[in-house]
Structures are given as structure tokens and as C-alpha cells.
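Here is a friendly briefing to read alongside the model. Please keep the viewer open as you go through the points.

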Amino acid sequence: MSLLNNWAFAFHVPLTLQIVFRSAGLAVSMILNRVFLKKRYTRLQVISVIVVSTGVLVATLSRPSPPSRPSNTQDSNHPPYQYAIGVGMLSLATILTSTLGIVQERMFAKYGAGTWREGVFYTHLLSLPVFAVFFSDVKRGLWSLSRPSEVIPHIDIKLPILEQTLVVPPLYLALLLNVTSQSVCVSGANRLTSAVTAVSTNLVLTARKALSLCISVWYFGQGMNAGLTTGALLVLSGTLLYSYATSRAKRSSPIAPKANGVHPGDQSTKADSSGTSFALTDRLPNGVRKRKPAEEQTNE
């Protein structure tokens, strides 16, 4: 999905349109959960999702832009089909991202929350062969990182064994820092998915995106404006509203009975394939639980 989002730049899709698509991921996730998993959401939850998505969109579009460079006339004339392909890639990436969240949620519900490490491992391992198609682009990118930087000087590492000095380009260290932070971020996101629903995970990631944007603007001294402040307040209020609506829905919803009248988590009664309810009683001397029909135990 990240590959499709980044690849869309090659098809001359405006950055503002990419921002709109990425901000719509939260709403798409809720729609897919409603359609495929038949989940129901309260009015407050729907309103909070709209508020958060609007806040991210407003904050991102209000970010101070760098000075514009003179545009090339050749770059401004592109075939319409390239724009259509880029929009299609963004749409597919948004749907696939929301679908992946639903699949992960069902996987963790079936196999347990402790399998999130396996999910991270296989997701990245199975995606590595895809980059073989873009080997030339990856090679070109690595060569570009070897160029000297005006901000950070080269780092000289002395190797006593070989009696040589290893010169490390500064951008390689930045790449290492980026990979490390991404590893922590992906692991945290997958662990969060194993504990909450896909919509809640998407909400947290969307709020994190807005917070990162505000910190970036503050750190690089680009200046806050009314749009950034409004967007940040919308994201904060929408996140708090969704948390309140979710906790309120959990408190007001009754415990749904399971098949044959057995409630989830009720360890006192179970049902066999015939539909007869059994009550668990004391263990037999050999350690095996003996079971009696619940009706007989009630009469006793």
C-alpha cells in the first residue's frame, strides 16, 4: 500500500489530492467494517470519525508550503490517462489498507493477540520480492544517499584490525535512524491492532499523523497558523469524542447471548452438538471433569 501511495507521484497526481485520499482512510475503514463485518456504529462514533478526518485534511492543507520553484512547461502537459492511473492507485491503496486492518482484526480474534509478531514478520518477508521489480530505482536511491551533505559531515570510523578508516556517508545514518523508527512504529501499530478494532487503530494513526505534522511545523520554524490550530483542535476533539462514544456504547450494550443460550465467558455451562446445556461439576478422581445435564443438576 505504501508503494502505491509513493508510486502515484510518478503519475503527476497533485499532493493535495493525495492528502484527501489519505485522510479518507478512516471513513473507508468504518464503511468496510459496516459492510463486511456487519458492525454497527453509534451516531457519535460516525460524527467523531468525520471530525477527525476533516481536522487532518484542514491541518495538512494549511501547512506552510516552501517557496515554489518555476514550473517547467513540459511537466505541466501530461496525458489525462496518467492522472486517472494515479487516482486509481490511490483509491486501491486506500481500500487495501482498510481491508488489511479488517483481516488483521479477524486474525487476532481467531489466533490470539500474541500472533502480531508473526504478522509483522510475514507481511514484510513476503513483500520483499516485489522490490525486485524496482531494483534500479532502489540502486539509484542508495547511490544518491552516498553524496556529501552540507548539513552533516562525513563520519570517520577507525578500524584497528584493518588499520583503515571507514568513511560513512551521513545520509546512511539518517536512513538507519529512519528504519529503526519505522520498525518501532510498525510494531506498535500491529500490537495496537491486536488489542483494539481496526477503526480504533486507524483513528489513533490518523491522530498521530496530525500530531506529527504540528510538531514538524513547530520544529522547523515554519510557523503556526489558524488552519493548523483549527485542524489540531478538530483531531483532538474528534479523538476524545470517539473514545467517549465507544466507552458509552460498551456500557449501554447488553451481553449478547451465545448459541443455545450460553453467554460468552460463562464457564459454568456449556453446550454440546445436540444443543443440550451441561453444567461443569467437580473433577473425577482421574482428573477428568464429569458433566451432568444442567436440568438434572438444577433438580438436585
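The largest nonpolar core consists of eleven residues: Leu26, Met30, Val49, Val52, Val56, Val199, Leu203, Ala207, Ala210, Val235 and Tyr242. Helices H3, H4, H10 (198-219) and H11 (226-252) are the elements that each supply two or more residues to this core. Please bear in mind that this is a predicted model.

**Core**

- Which element gives the most to this core? It is H10, with four residues.
- Setting aside residues up to four places away in sequence, Val52 touches Leu26, Leu203, Thr206, Leu234, Val235, Gly238 and Thr239.

**Chain overview**

- The chain contains twelve helices and five strands.
- Of its 300 residues, 25% count as buried.
- Taking the contacts between residues at least 6 apart in sequence, 62% join residues at least 24 apart.

**Second largest pocket**

- The space in the second largest pocket is about 550 Å³.
- Its lining has 24 residues, and those nearest the centre of the pocket are Gln45, Tyr242, Thr246, Ala249 and Lys250.
- Sorted by class, the lining comprises eleven nonpolar, nine polar and four charged residues.

**Aromatic pairs**

- How many aromatic pairs are there? The count comes to three.
- Trp7 and Phe134 have ring centres 5.2 Å apart and planes at 85°, so this pair is edge-to-face; the cut-off for that label is over 60 degrees.
- Trp7 belongs to helix H1 (residues 2-7), while Phe134 sits in the loop between helix H7 (116-127) and helix H8 (135-145), so the pair ties together parts that are 127 residues apart in sequence.
- Is Trp7 buried or partly exposed? Trp7 counts as partly exposed, because its relative accessibility is 38%.
- Phe134, by contrast, is buried, because its relative accessible area is 15% and the cut-off for buried is under 20%.
- Phe121 and Tyr122 make another edge-to-face pair, with 5.2 Å from centre to centre and 75° between the planes.
- Tyr122 has a relative accessible area of 46%, so this residue is partly exposed.
- Trp7, Phe11 and Phe134 form one aromatic cluster.

**Lys38 and its backbone angle**

- Lys38 has a positive phi of about 60°, although it is not a glycine.
- Most residues other than glycine have a negative phi.
- Where is Lys38? Lys38 is in the loop between helix H3 (25-36) and helix H4 (43-61).
- Lys38 counts as exposed, because its relative accessibility is 61% and the cut-off for exposed is over 50%.

**Thr94**

- Thr94 lies in helix H6 (residues 80-111).
- Is Thr94 buried or exposed? With a relative accessible area of 12%, Thr94 is buried.
- Leaving out its neighbours within four places in sequence, Thr94 is in contact with Phe21, Gly25 and Val28.

Notes. Residues numbered from 1 in each chain as written. Predicted model: local features only at pLDDT ≥ 70, side-chain atom pairs only at ≥ 80, totals over all residues. Heavy atoms only, no water. Phe/Tyr/Trp six-rings, centres within 6.5 Å; stacked < 30°, edge-to-face > 60°. Buried < 20%, exposed > 50% of the residue type's maximum accessible area, 1.4 Å probe, protein only. Core = buried A, V, L, I, M, F, W, Y, C linked by side-chain atoms within 4.5 Å. Contact = heavy atoms within 4.5 Å. 1 Å grid on protein atoms, 1.4 Å probe; cavity = no way out; pocket = protein on both sides within 12 Å on 5 of 7 lines; lining within 4 Å. Points joined across faces, edges and corners; volume = space filled by probe spheres on them. Nonpolar A, V, L, I, M, F, W, Y, C, P; charged D, E, K, R; others polar.
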